Structures are given as structure tokens and as C-alpha cells.
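Work through the following exercises with the sequence and the coordinates open side by side, and try each task before reading its solution.

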Amino acid sequence: METLLIIIMVVMVGSWLLRRLAPWLLLYFVKQLSKRSGNFYTSENSRPQSRPEGEVNVKDTPQHEKKKITKEVGEYVEFEEI
């Protein structure tokens with residue numbers, strides 16, 4: 001009986017603490033993710049960084065070589081049903 005009472009109390013206190021701490025924890029994780037991704041949409045800076053009008057920023061993407069498929073890709077094994 002005491003064990004059941006302790007489990008119920010732990011669940012109740014845990015849920016109360018989670019409700020109180022969840023907003024701060026969520027805000028902390030969102031800020032950390034936005035810092036990692038380079039996204040500047042946070043509560044302190046609600047607008048993205050603005051550039052002077054007329055400025056153009058072009059990122060050069062590397063061109064990937066086409067995959068060459070040859071006839072010597074693998075060994076053919078004949079399948080025989082038993």
C-alpha cells in the first residue's frame with residue numbers, strides 16, 4: 001500500500017514540475033537549435049538580418065560528377081529454385 005502511495009505522489013509531483021519547467025526547457029532547446037542551424041529567428045531578434053537594398057548574395061554549389069556504371073559492377077549468380 002505504501003509503494004502505491006509513493007508511486008502516485010512521484011507521478012503527481014513529476015507532472016507538476018514538468019508543467020512548470022517545460023516552457024523554459026523548450027525555449028532553451030529552440031534557441032540552441034536556431035544557433036546551430038544559423039537561423040536568426042529567436043525571441044531576442046524576431047526579424048532576420050537585413051541586407052542593404054540591391055545587394056545580391058550568390059552561393060556557388062559544387063557540381064557532382066555523374067556516376068559511371070560499368071558492366072563490371074558485380075558478379076552475376078544464377079538462382080536455382082530447389
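A residue is called buried under 20% relative accessible area, exposed over 50%, and partly exposed in between (1.4 Å probe, protein chains only). The model is predicted, so local features need pLDDT of at least 70 and side-chain atom pairs count only at pLDDT 80 or more, while totals for chains, interfaces and linings use all residues. Residues are numbered from 1 along each chain as its sequence is written, and side-chain values use heavy atoms, without hydrogens and water.

**Exercise 1.** Describe the fold and the burial of the chain.

Solution. Of the 82 residues, 1% are buried. The chain exposes about 9,500 Å², 60% of which is supplied by carbon and sulfur atoms.

**Exercise 2.** Find the aromatic pair and classify its geometry.

Solution. Searching the whole structure gives one aromatic pair, a term that requires ring centres within 6.5 Å, with planes under 30 degrees apart called stacked, over 60 edge-to-face and the rest tilted. The ring centres of tyrosine 28 and phenylalanine 29 lie 5.6 Å apart with planes at 65°, and the pair is therefore edge-to-face. Tyrosine 28 is partly exposed at 46% relative accessibility, and phenylalanine 29 is partly exposed at 49%.

How values were computed. Areas by Shrake-Rupley, 256 points an atom, 1.4 Å probe, with all protein chains shown as cover. Phe/Tyr/Trp six-rings, centres within 6.5 Å; stacked < 30°, edge-to-face > 60°.
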